[in-house]
Amino acid sequence: MSTPSESGHEPSEPDLSAIVGERRQLINLAYRLLGSLAEAEDAVQETYTRWYAMSRQQQAAIASPGAWLTTVASRICLDVLGSARARRERYVGTWIPEPLPDRSEWISGRADDGGTEPADPADRITLDESVHMAFLVVLESMTPAERVAFILHDVFRYPFAEVAEIVGRTPAACRQLASSGRRRVRAARTPATPAVGQAVLVRDFKEAWESKDIEALVALLDPDATMTADGGGLVGTVLRPVEGGKSIAQYLIHIADKAPGLTLLERTVNGRPGLVAHLSGIPVTVAALDVTDGRITRIWAVRNPEKLRAWTESGEI
């Protein structure tokens with residue numbers, strides 16, 4: 001058995017593999033806080049930059065490196081959220097959270113429940129719901145502090161004492177912030193449709209679109225349905241939401257006529273059945289759908305190529 005000096009490092013030196021192993025958790029957290037995979041990766045990269053900028057002695061003095069990384073990443077995200085509002089006000093068209101392909105690692109909460117406070121299950125949301133597009137859109141309506149407190153506590157199960165240290169407010173204030181966020185989510189929540197039922201509906205929707213059957217499309221869409229598109233000013237798309245099932249159906253037929261080579265694929269988008277449109281083998285649109293009472297009520301169509309990078313890298317081409 002080797003001694004600490006023989007092994008080449010101090011016994012209190014943080015385990016490099018454990019530090020690197022926190023990255024998945026940090027990306028999960030940052031994505032939910034920011035709604036953008038690119039911004040989440042930047043925030044996590046900055047977190048690690050700050051960690052490695054410290055001396056070995058400073059690193060070894062940190063009792064819980066994972067907690068330190070989470071705190072720093074959350075504070076970076078809080079700063080990003082503060083500036084993001086101004087950027088998104090200048091965004092061309094409507095800003096929609098970046099869609100994610102089907103990767104099980106996105107459905108992840110806090111890995112270690114130890115030390116967290118017990119909570120009423122009614123105050124929790126299911127972890128898969130926390131990446132649904134409808135949920136992420138609601139998060140966009142929250143203040144930065146409200147969003148951070150809500151995500152850390154209700155999704156990742158951090159106690160308010162820890163949330164307070166991250167947000168820079170009292171535990172009582174963080175409890176109020178999370179409660180306010182929870183009310184926003186509950187107000188926007190619609191009756192859940194089983195994934196199997198939604199998958200069937202999405203398939204019917206795809207087939208009706210491909211066959212340009214406007215009557216079938218109208219029947220599948222809620223009369224008050226809304227479709228929102230995000231091109232970011234980089235590609236052509238409708239800049240304002242299309243409202244009403246009939247108007248959406250007409251618009252979709254128009255798109256099909258303009259792009260005869262468009263291919264629709266059924267894919268899981270942010271944990272739910274959705275559609276990905278390919279043109280010449282390249283993903284050009286990712287559509288997340290919300291279903292209530294057997295009809296499509298919301299369509300979020302992301303066309304901004306900068307937000308489709310994960311789909312290109314995941315082998316969608």
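User: Which residues line the largest cavity?

Analyst: This is a predicted model, in which local features need pLDDT of at least 70 and side-chain atom pairs count only at pLDDT 80 or more, while totals for chains, interfaces and linings use all residues. Residues are numbered from 1 along each chain as its sequence is written, and side-chain values use heavy atoms, without hydrogens and water. A cavity is a set of points on a 1 Å grid over the protein atoms alone where a 1.4 Å probe fits but cannot get out, and lining residues have an atom within 4 Å of a point. The lining consists of His-132, Met-133, Ala-134, Val-269, Asn-270, Arg-272, Pro-273, Gly-274, Ala-288, Leu-289, Asp-290 and Trp-300.

User: Which elements give two or more residues to that lining?

Analyst: The chain comes to 14 helices and six strands, taken as DSSP runs (H or I, at least four residues; E, at least two) numbered from the N terminus. Those giving two or more residues to the lining are helix 7 (133-139), strand 4 (272-279) and strand 5 (282-292).

User: What volume does the largest cavity have?

Analyst: The structure holds two cavities of 30 Å³ or more. The volume of the largest cavity is about 70 Å³.

Note on methods
On a 1 Å grid over the protein atoms alone, a cavity is a set of points where a 1.4 Å probe fits but cannot get out, and a pocket is an open set with protein on both sides within 12 Å along at least five of seven lines; lining residues have an atom within 4 Å of a point. Grid points are joined across faces, edges and corners, and a volume is the space filled by probe spheres set on the points.
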